[in-house]
Amino acid sequence: MTDHFRGVFRRIPSAFTVGLLQKPARLRLAALFAAMTLTLLAIGLSDLSQWDELSASLSWRMADQQAVERRVVIVDIDEKSIQAIGAWPWPRARQAELLEKLDQAGVSLKILDILFDGPSPDDARLSSALASAVPTVMAQLFSLSPEPAVHSGQLAGALPLTACPRPAERAYGYMASDAQLRASPFAGHITPLVDPDGAIRQVPALICHDGKTYASLAIAGVMAASQSIPELHPGVSLLDPPWWLDLGGVRLPLDGAGHLRVSYRMPRAGLLAIPAADVLQGRAPVDLLQGAWVLVGATAFGARDAIPTPQGRAVSGVEVHAQLLSAMLDDRTPYRPRGSALWSWLLGGLSALLLLAALRLAPRSAALVLPMVALANILAIFGLSTLMLLNQHLWLGWVAPGVFTVFAATLLSAGEFARLRCERERLYCHLASYLPEPVARQVATQEPSAQVRARRCEATVLHADLRNFSAYCSGRPPEETAMVLHLFFTTASRIVEAHGGVVEQMVGDSLLAVWNGSAPCTGHGVRALDAAEELWRVCTPQLPRIASRHVPPLDLGIGVETGTVLIGSFGPAARRTHAVLGEAVTVATRLQALTGELAHPILIGSAVAGTDPERAHRLGDFLLAGMTEPRTVYAIPVKYPKGHLRLVFDAEAEQQTSG
C-alpha cells in the first residue's frame, strides 16, 4: 500500500504538468504569474530604480536641444578667468569687486556657490559687498555622515519652522562661512546626493541640523527673490508628489525623503555663462545681466568643483543649481507621483495583453513573434515614460514593466514551446500508432510531397488473416467483433515487434508485417518464421469458440515469403498512403489465402524456406491466384490444441449433417 501511494505522488507533478500544457489559457496565465513573481523578486533583490536613473540621460537628450535660459546667468570662474586674474581662490577683495560689478550691472539676485572658509584681512570689504541692496545667497555645506562630524564657521538661513519636518535629511556636521561674513541673511546648502555611479540627480531640499531646518541653495535663492516663507503640504491625489513645498508662487514637488529631483531638460549649451574675468574687466554684456539671477561659481580645473551628471562626466556644480533654478521658474521640476506604482502595473498589464494577443494571432510562431512584440513593448514603454517626463514632468520609470515584459515574453515563449512540443509528441505518438514508428518519424520531419517516396530493399513479408471472420461478424454486435480484432492486433503486434519486425498495415481482419523493411533486421527470414510460429501458437487459443452449425470456426492463416519490396508513401500531398509493394507481398498474401485449402495454417515460399530448410515441409508446386507460373509451397508443421481440433471437426460434422 505504501509503494502504491508513493507511485501516485510521483505521478502528480507529471500529470499536473501535462494537464497544464494541454490547456493553453491556464499555461499562459501561469507564465504571466511567474513573470510577475520574478519581477517582484528582482525588485526586492536589486534596485531597479537605479536603471531608471541611468537611462534617464537618454530621455533628457530627447528634449529640445535648442532651448535657452536667459533668466539665470552663470558667472563662471573658468580657466580664462584664472589666466587673466590669477590662481583660485582669489583674494576676498577681488571677490568683493566681482559682487560690486554685478550690482552695478543691475542683477536682481546673486547666488554664490562659493564657501568662504576661515577669516581673511579683506573680510570687511567682502562683508560690505554681501550686505548690498541686491539679495545675496551664500553657500554652506552639510555632512550627512556621522563621521567625521566637522563644525566649521557659523550656519545661517534657518527656516522659521518650529521643528524639523518629516521630509528632511539629518545632518551631523557642516562647513559655513565665518561669522564676520554673515552680512546677508540668506544662505542655502550645496550638499549633494551622490548616486552609486557618482552622478548627481537629486539634492536634499531641506536639511535638519541641531533642531533647525535649512533649505538648498536654489530654494534659498527663490526665497530671497520672492521674500517668501516656505510651507510644506502633503500630496493628496495620486498624481501629486508625497510633499509640496510652496514658495510664494512656486510649488516644488518633493519625494517622501524630501529630495528635489534635478531636471536636466535644459541643454548645457542653453545655459548662459559669462567669464568672471569679463565682469571684472567690464567686458560683460550689460543687457544679459540686467535683472538676471546670477549664479557665481567656479568651473576651473583647480577649483575642484567638477561632478558627474547625466549631461556629462565633468560638470561644474554650479550648473546643477542653474538647472534647478531654471526648472523652478518654469514649474517643470520632475517628481514621482504617489500613484507611480499603478503606472507600472498598468504598463505591465497592457504589455501582457499585447503579448497574449500576439500569441493568439500567431501561436505557431511564438519563438519569433513574442521577442519582437516584447522589444516593441519595451521601446513603447520607454518612449511613453520619456514623453510623460518631458511634457508632464512625471518621473514614472520604465524598467520594472520592461523587466516584466522580458520575463513574460521569455516564459510565454518557453511555455508555448513546451506546449507545442507536447502537442507534437502527442501527435507523433498517435501517428506512430497508425503508421510504423520509423515511418511516422519520417512523416513528422518531412514536408508534404506529391512525389513517390519509397525505397527498395530485400525483406521478408508476413501476411496473417483471420479466416471466416466475415461470417463470424454476421449477426453479432460490432462491439464484440471489435474486441476480437483488438485482441488479435494487439497480440500480433507485440509478437512481431518482439522478433524484430514492423507491422506495416492492419486492414480489415488481416495484418501485414515486414522484416528488414522500415527498420533494419539481420536474419530476417528466420526471425519471421519464428514470429509466424509464435503468432499462430499464441493467437489461435484467443479466438472465440463458435457453437453453431451455420458459422465456420475462426482460424488463423499465415503466409510468409522473402523478396525485393518497395516500401514508402504514395498518393497526392493532401492524402498519402503508406504501402508495401512487391512480388513477395503478393506471394505471402496468396499463400495465406491457400492455408484453408491445404489445411496448413502457416505456408511459406521457397525463398524464405531456404533460410531454414529443416523447419520447412515441402507440399508441392501450386499456381497461386493471379500468378502466371507455379510456385513451390512449403508448410511449417504446427500442432492444433485438442479443444480446437474437436471444435473444427464438430463444425464440419454439423455442415455435413445440414447438407
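**A sheet and its strands**

Mentor: Strand 12 and strand 13 (residues 243-247) run antiparallel and are joined by four bridges; strands here are DSSP runs of E with at least two residues, helices are runs of H or I with at least four, and both are numbered from the N terminus. Two strands count as paired if DSSP finds at least two bridges between them. This is a predicted model, where local features need pLDDT of at least 70, side-chain atom pairs count only at pLDDT 80 or more, and totals for chains, interfaces and linings use all residues. Residues are numbered from 1 along each chain as its sequence is written, and side-chain values use heavy atoms, leaving out hydrogens and water.

Trainee: Which residue is the bridge partner of H233 in strand 13?
Mentor: The partner of H233 is W244.

Trainee: In what order do the three strands of the open sheet come?
Mentor: The order is 12-13-14, with antiparallel pairing. Strand 12 (231-234) and strand 14 (250-254) each have a single partner strand, so they stand at the edges and one side of each has no neighbour in the sheet.

Trainee: Now the domains: what are their bounds?
Mentor: Domain 1 covers 28-58 + 337-433, domain 2 covers 63-330 and domain 3 covers 448-649; such bounds come from an automatic or database domain assignment.

Trainee: How many Å apart are the C-alpha centres of domain 2 and domain 3?
Mentor: Those centres of domain 2 and domain 3 lie 101 Å apart.

Trainee: And where is L38?
Mentor: L38 is in helix 2 (residues 24-45).
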